[in-house]
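Dear colleague,

I am handing over the structure we spoke about, and my notes on it follow directly below. Please read them with the coordinates open beside you.

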Amino acid sequence: MSSDPNCIFCKIIRGEIPSKKVYEDDEIFAFHDIQPVTPVHFLIIPKLHLPSLAEAGPEHSAVLGSMLAVAGRLAREQGATDGFRTIINTGRVGRQEVYHLHMHVLGGSDPLGPMIIRRG
Ligand code: AMP
Ligand code: ZN
């Protein structure tokens, strides 16, 4: 499905819900997270409605590559000049909340916290 009428991120792409846009081209859109957890925190999403990385296949290679390829430049432009972290939460176990694939780009605090809290 290229666009889901009920999906919050599809609505952001269509401009039906406001967002603070970071970048847009033919296939991807980037905007600031509404509840940032670090000084730099934005999301890069495909314009195509793909619920999660679990549904991705070879046909999505190009757009997934574009999301990664633009992350460094956008992170630097947003002030994360000395490194950043990318996170894609997937599914229930990955604690994904919005089911339109998105890559978090986090930075601006030095250093970021641990990637994941170790148990025990
Ligand atoms: P995830 O847990 O990976 O699904 O994260 C979803 C992210 O989307 C969270 O960090 C939310 O703060 C963010 N988010 C939800 N609604 C909006 C919105 N309208 N504009 C910007 N970010 C949003
Ligand atoms: Zn969507």
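Where is His49 found? His49 lies in the loop between S3 and H2, where helices (H or I, at least four residues) and strands (E, at least two) are DSSP runs numbered from the N terminus.

Some conventions come before the rest. This is a predicted model, in which local features need pLDDT of at least 70 and side-chain atom pairs count only at pLDDT 80 or more, while totals for chains, interfaces and linings use all residues. Residues are numbered from 1 along each chain as its sequence is written, chains are lettered from A and ligands numbered from 1 in the order in which they are written, and side-chain values use heavy atoms, with hydrogens and water left out.

The zinc site

His49 is one of the residues that coordinate the zinc ion (ligand 2), together with Cys7, Cys10 and His100, through the SG atoms of the cysteines and the ND1 atoms of the histidines, at 2.0 to 2.3 Å. Donors are here N, O and S atoms within 2.8 Å of the metal (3.2 Å for Na, K and Ca), and since water is not among the atoms, sites may look incomplete. The angles among the four donor atoms run from 107 to 115 degrees, and the site is tetrahedral, a label given to four donors if all angles lie between 85 and 135 degrees. For reference, the ideal angle for four tetrahedral donors is 109.5 degrees. Along the chain, the donors of the zinc ion (ligand 2) follow the spacing C-x2-C-x38-H-x50-H.

The C-alpha atoms of His49 and Ser3 are separated by 5.1 Å, although the two residues are 46 apart along the chain.

Ligand 1

Ligand 1 is surrounded by 16 residues, the closest being Asp33, Asn89, Glu97, His102 and His104, with a residue counted if one of its heavy atoms lies within 4 Å. A nitrogen atom of ligand 1 lies 3.1 Å from a backbone N or O atom of Ile34. Oxygen atoms of ligand 1 are involved in two further pairs: one at 2.9 Å from an N or O atom in the side chain of Asn89, and one at 2.6 Å from a backbone N or O atom of Glu97. Taken alone, ligand 1 exposes 510 Å², of which the protein buries 86%, the areas coming from the Shrake-Rupley method with a 1.4 Å probe; for residues, only the protein chains shown count as cover.

Salt bridges

The whole structure holds four salt bridges, each a side-chain nitrogen of Lys or Arg within 4 Å of a carboxyl oxygen of Asp or Glu. Among them, Lys21 pairs with Glu24 at 2.7 Å between the closest N and O atoms, and Lys47 meets Glu24 at 2.8 Å, N to O. Lys47, in the loop between strand S3 (40-46) and helix H2 (61-77), and Glu24, in strand S1 (residues 21-24), are 23 residues apart and link distant parts of the chain. Salt bridges that share partners join Lys21, Glu24 and Lys47 into one network. Lys21 is partly exposed at 49% relative accessibility, as are Glu24 at 33% and Lys47 at 22%.

Backbone points to check

A cis peptide bond joins Asp110 and Pro111, with omega about -5 degrees, and Pro111 belongs to the segment after S5. Arg95, a residue other than glycine, has a positive phi near 60 degrees; Arg95 sits in the loop between S4 and S5 and is exposed, with a relative accessible area of 71%. As background, most residues other than glycine have a negative phi, and most peptide bonds are trans.

Terms used: Tetrahedral: all angles 85-135°; square planar, octahedral: opposite > 155°, others 65-115°. Buried < 20%, exposed > 50% of the residue type's maximum accessible area, 1.4 Å probe, protein only. Polar contact = N/O pair within 3.5 Å; in protein donor to acceptor, adjacent residues only side chain to side chain.
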